[in-house]
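User: I would like to go through this model's sheet and its salt bridges. Please keep it brisk.

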Amino acid sequence: MFGNFFKDKKILVTGHTGFQGSWLTLWLKLLDANVIGYSLPPPTKPSLFESLEIEKDITHITADIRNLGDLKRVISSNEPDLIFHLAAQSLVRESYEKPVETFSTNILGTVNVLDCIRDSTTVKGCIVYTSDKSYENVGTKQVYTENDRLGGNDPYSASKASSEIVTTAYRNSFFGKVSSPRIATIRAGNVIGGGDWSKDRLIPDFVRAVINKQKINVRNPEHTRPWQFVLEPLSGILWLAVKMIEESKHSEAWNFGPPLDREQFTVKMMLKAISAEWGIDESIIEENTDKELHEDKFLNIDSSKAENFLGLKSVYNLQETIAETVSWYKHFTEQENEIKNFSIEQIKNYTNHAKQLNLSWT
């Protein structure tokens, strides 16, 4: 996988205790990387990080990405080769409740990471994980490309757009030489998969409703999102890291999302499909169109650039994505102590499917 690029490399993952950070860290360990994790404590209970027992396998550092002094000391003492920057306040609705924390974490956190790279003699590249919500959403069914205008109607989206602008400014100001570290950003579509326990997210809310035998109160049932399996953008950032270090290019912004010809599922359609896969009556769904807080109704991104220049394609279709997600949560509820091995098997199954598709990174 990935040309054996990550074997024995020192990789710093910020936000490694989160949902996607935990999956990325687990995968990096399977690729024989030496991982240094820098993050606040796990944000949920239960947490994927704790379920996978990741702390035992890495250099685990509990710290705030906004603390520049701590971050500099960690990078200076551990001398990573590469940084994946995932640490963020990642929830739209929480950004309304905690706008200052959202802006400071998502903007200043990115500034701190990039400024530390300026002082590092070992870091060869960094990928900043932003969001498909970085685009200025004009309220139509427009499909956004990397050249479209950035913006944000809510604190989360605005903070992620700002993180993109910060990264571009640092890249142009400090990392313009051929010998400079390579800096890229990725804007990923909505990710689903096992182990997400965040509040006010569709799948975790559904699973909690099932476990507690309650109805799920669904906001904005007609909203559409570019749904994709969690390992899709993670395989993308791993491959992007390889390509931009080995080929001295690709230091720019990238969309990672499902193919444009995939059917656009609304929130309501997604919940019905998940209910069917779980084998329960969809009467668990209770609609509640929430008009209090703004969330964009339509969102879709064009990932043809990643396909054309990186050879990236989705491995799973939407039904396979739903099946993998539901199977993880079912396994967790039935055999929680075996969930690490089950998660590893999901990564192996995903890579085997990618091999069958003859994707570039395999």
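Analyst: This is a predicted model, where local features need pLDDT of at least 70, side-chain atom pairs count only at pLDDT 80 or more, and totals for chains, interfaces and linings use all residues. Residues are numbered from 1 along each chain as its sequence is written, and side-chain values use heavy atoms, without hydrogens and water.

User: How many bridges join strand 1 to strand 2?

Analyst: Strands are DSSP runs of E, at least two residues, numbered from the N terminus. Two of them pair if DSSP finds at least two bridges between them. Strand 1 (residues 10-14) and strand 2 (residues 34-39) run parallel, and the number of bridges joining them is five.

User: How many residues apart in sequence are the parts tied together by K340 and D57?

Analyst: A salt bridge here is a side-chain nitrogen of Lys or Arg within 4 Å of a carboxyl oxygen of Asp or Glu. K340 and D57 form one, with the closest N and O atoms 2.8 Å apart. K340 lies in helix 12 (residues 339-356), D57 in the loop between helix 2 (48-51) and strand 3, so the parts tied together are apart in sequence by 283 residues.

User: How many salt bridges does the count come to?

Analyst: K56 with E53 is a salt bridge, at 3.5 Å between the closest N and O atoms. By the 4 Å rule, the count comes to 22.

Key: Helix = DSSP H or I, 4+ residues; strand = E, 2+ residues; numbered from the N terminus.
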